[in-house]
Amino acid sequence: MLQSYYTVKGSGDHEIIIQKSRFISYINRVESEEDAQAFIAKIKKMHPNANHNCSAYMIGEHNQIQKANDDGEPSGTAGVPMLEVLKKRDLKDTVVVVTRYFGGIKLGGGGLIRAYGKATSEGINATGVVERELMRLMRTKIDYTWLGKVENELRSSIYPIKEIHYLDQVEVETYAVETEKERFVEWMTELTNGQAILTEGDVVYLEEDVE
């Protein structure tokens, strides 16, 4: 599993007008090529009368699945520039469909490349991008006398608090970057003078918005 990677926040859409042609971009996060194909089919069904429903997607930890489709536009003028945007921004597990309604003015090859690239970029910006980082859930069990100190230190630290369970002892659930969990254990042990009982939980991805 990757320590961190970028992808789109979820689903979104955005429309621009270029030389009277409508370019509507649809963005979605997907987990497989089947999901990407299903999304493309869904958009095509929404716009059966559009001149073109061009698409591109990039899937996999190492971007091993990359596909582009011009859907009737001149070869290399739509799907490829859309895919190039995904590659340049390194957005994994992402599919884009740009629907075009022709406005009567031909854009030429260069104009189409710029238009589809712009529609993709603006669609991604409208949807939002997140960084997903691999984190380990850490459970810290302490006596109540330590709670104030531990909570205050955690809230000003790099370790996000997930939840605090108030039982016979307090159990504080936090996240630590997977590669730094040993450092967290050392820090918490020192903070509590060795009075904390620390155990590991699941590995999960946490998401943070990217400007």
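Buried means under 20% relative accessible area, exposed over 50%, and partly exposed in between, with a 1.4 Å probe and protein chains only. This is a predicted model, in which local features need pLDDT of at least 70, side-chain atom pairs count only at pLDDT 80 or more, and totals for chains, interfaces and linings use all residues. Residues are numbered from 1 along each chain as its sequence is written, and side-chain values use heavy atoms, with hydrogens and water left out.

**Stop 1: R136**

Select R136, which sits in strand β7; strands are DSSP runs of E with at least two residues, helices are runs of H or I with at least four, and both are numbered from the N terminus. R136 counts as buried because its relative accessibility is 14%. Now show E178: its side chain and that of R136 are joined by a polar contact of 3.0 Å. Such a contact is a pair of N or O atoms within 3.5 Å; within protein, one must be able to donate a hydrogen and the other to accept it, and residues adjacent in sequence count only if both atoms are side-chain atoms. Not counting residues up to four places away in sequence, R136 also touches others, including T174, Y175, K181 and D202 (contact: heavy atoms within 4.5 Å).

**Stop 2: the second largest pocket**

Next select E131, E133, M135, Y159, Y175 and L206, which are among the residues lining the second largest pocket. A pocket is an open set of points on a 1 Å grid over the protein atoms alone, where a 1.4 Å probe fits, with protein on both sides within 12 Å along at least five of seven lines; lining residues have an atom within 4 Å of a point. Its volume is about 200 Å³, the space filled by probe spheres set on the points. β7 (129–142), β9 (170–177) and β10 (197–210) each supply at least two lining residues.

**Stop 3: the largest pocket**

Select Y5, E31, D93, R132 and Y205, which lie nearest the centre of the largest pocket, lined by 13 residues. The space in the largest pocket is about 240 Å³.

**Stop 4: the nonpolar cores**

Select F23, M82, L86, V98, Y116 and I124, the residues with the most contacts inside the largest nonpolar core, which has 23 residues. Such a core is a set of buried Ala, Val, Leu, Ile, Met, Phe, Trp, Tyr and Cys residues joined through side-chain atoms within 4.5 Å. Helix α3 gives the largest share of this core, five residues. Another core, of 15 residues, lies apart from it and includes V150, V170, V172 and F184.
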